[in-house]
Amino acid sequence: MSSTKVSEALAHIEKAEKCLKTSFLKWNPDYDGAASEYIKAATCYRNAKALPEAREAYIKAAEIQHRMKAPFHSAKSYEQAGLLSKENGEMDLAVKLMEQAALMFQEHGTPDTAALCLEKAAKMVEQSHPARAADLYKKASDVADIEDHARQSAESIGKAGRIFLRLQRYEEGAQCLCKEIEFHAASENFPMIAKLVLAVVLVKLTLEDYVAAEHFFRSAGKYPQFGDSEEAIAIEELLAAYDSGDEENARRILNLPLIKYMDNVFNKLARSLVIPGEVKRADPNLGVASRAAGGGANVEGGGAPVQLDDEELEGGLC
């Protein structure tokens with residue numbers, strides 16, 4: 001800590017407190033002067049590496065600026081306090097201050113800036129608290145949607161969806177991806193829609209809900225260009241292979257470059273997808289063994305069971 005800078009900061013704080021005092025000749029506090037002095041104090045503390053003290057000075061400035069009906073300046077001060085908290089490793093406090101800054105930006109009438117502020121907060125905790133980050137990305141998407149910024153909304157909700165999928169919260173992930181599709185439809189980003197429909201189908205199949213996957217795929221036909229896309233062809237073939245238990249064909253489709261080079265979280269779903277019937281297909285003698293164990297097979301027409309001797313079993317049924 002630089003003692004000179006700290007001394008300067010304390011001097012500014014003293015001036016700020018004087019600005020807030022009233023007297024017989026000074027009926028109203030000088031809020032503008034106080035806020036200015038607190039920001040100067042925060043700068044001095046910051047230069048002295050006294051981060052907690054700098055943060056508190058910014059918070060005091062923000063509170064005064066809000067009282068002055070200056071929400072934009074209040075938002076900037078809260079944002080600086082949040083960034084300082086991050087720098088000091090106080091992530092929970094950093095996120096709270098960034099959310100407060102976003103509220104102030106909204107109050108000022110700049111929801112796009114508020115959304116960016118929430119995205120910054122989400123990035124702060126994406127590695128340490130991914131679920132918290134996903135919620136912040138969702139909130140950022142909702143805020144951006146106020147201004148009809150479809151692309152920004154799509155980007156934020158897409159980040160939330162991918163985090164939920166990494167956390168294996170598949171239902172929430174699918175919901176976010178569906179919202180992302182809606183935003184891309186609003187901005188007419190049709191190629192991206194095709195990729196996301198494929199991603200949602202992979203999620204539905206991961207949840208072992210073939211009916212929902214097929215229904216979603218059919219409903220996506222309303223989007224222009226989707227029916228002729230590579231993704232639509234791959235999905236149709238994949239659903240047919242999945243439904244018939246054709247593991248070999250399903251794996252061929254899942255290994256297509258189209259799927260292989262999707263976002264890593266989607267590619268991981270494709271690699272781990274279980275194809276119904278693949279266990280049965282792994283043992284071609286299962287039918288023979290089960291019939292042998294059951295005492296034989298029935299003759300068509302309801303006759304008596306036909307007993308298979310060892311020689312017949314050894315040679316197979318064909």
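L118 touches E99, A102, L136, K139, A140 and V143, leaving aside residues up to four places away in sequence; contact here means heavy atoms within 4.5 Å. The model is a predicted one, so to speak of local features takes a pLDDT of at least 70 and side-chain atom pairs count only at pLDDT 80 or more, while totals for chains, interfaces and linings use all residues. Residues are numbered from 1 along each chain as its sequence is written, and side-chain values use heavy atoms, with hydrogens and water left out.

L118 also turns up among the residues with the most contacts inside the largest nonpolar core, a set of 56 residues, alongside Y38, Y45, Y78, C117, V125 and L136. A second, separate core has 42 residues, including L205, A250, M262 and V265. A nonpolar core is a set of buried Ala, Val, Leu, Ile, Met, Phe, Trp, Tyr and Cys residues joined through side-chain atoms within 4.5 Å; buried means under 20% relative accessible area, exposed over 50%, and partly exposed in between (1.4 Å probe, protein chains only).

As for the overall fold, the protein has 18 helices and 0 strands (DSSP runs numbered from the N terminus: H or I of at least four residues for helices, E of at least two for strands). Of its 318 residues, 42% count as buried. Among contacts with a separation of 6 or more, 54% come from residues 24 or more positions apart.

Helix α8 holds R162, which is buried at 13% relative accessible area. The R162 side chain reaches the backbone oxygen of G158 at 2.9 Å. Beyond residues up to four places away in sequence, R162 touches L177, E180, M192, L196, D263, V265 and F266. V265, then, is both a neighbour of R162 and a member of the second core.

E188, in the loop between α9 (170-186) and α10 (190-206), has a positive phi of about 60° although it is not a glycine. E188 counts as exposed, at 58% relative accessibility. E208 sits in the loop between α10 and α11 (210-219), and its phi is likewise positive, near 60°. With a relative accessible area of 64%, E208 is exposed too.

Methods:
Polar contact = N/O pair within 3.5 Å; in protein donor to acceptor, adjacent residues only side chain to side chain.
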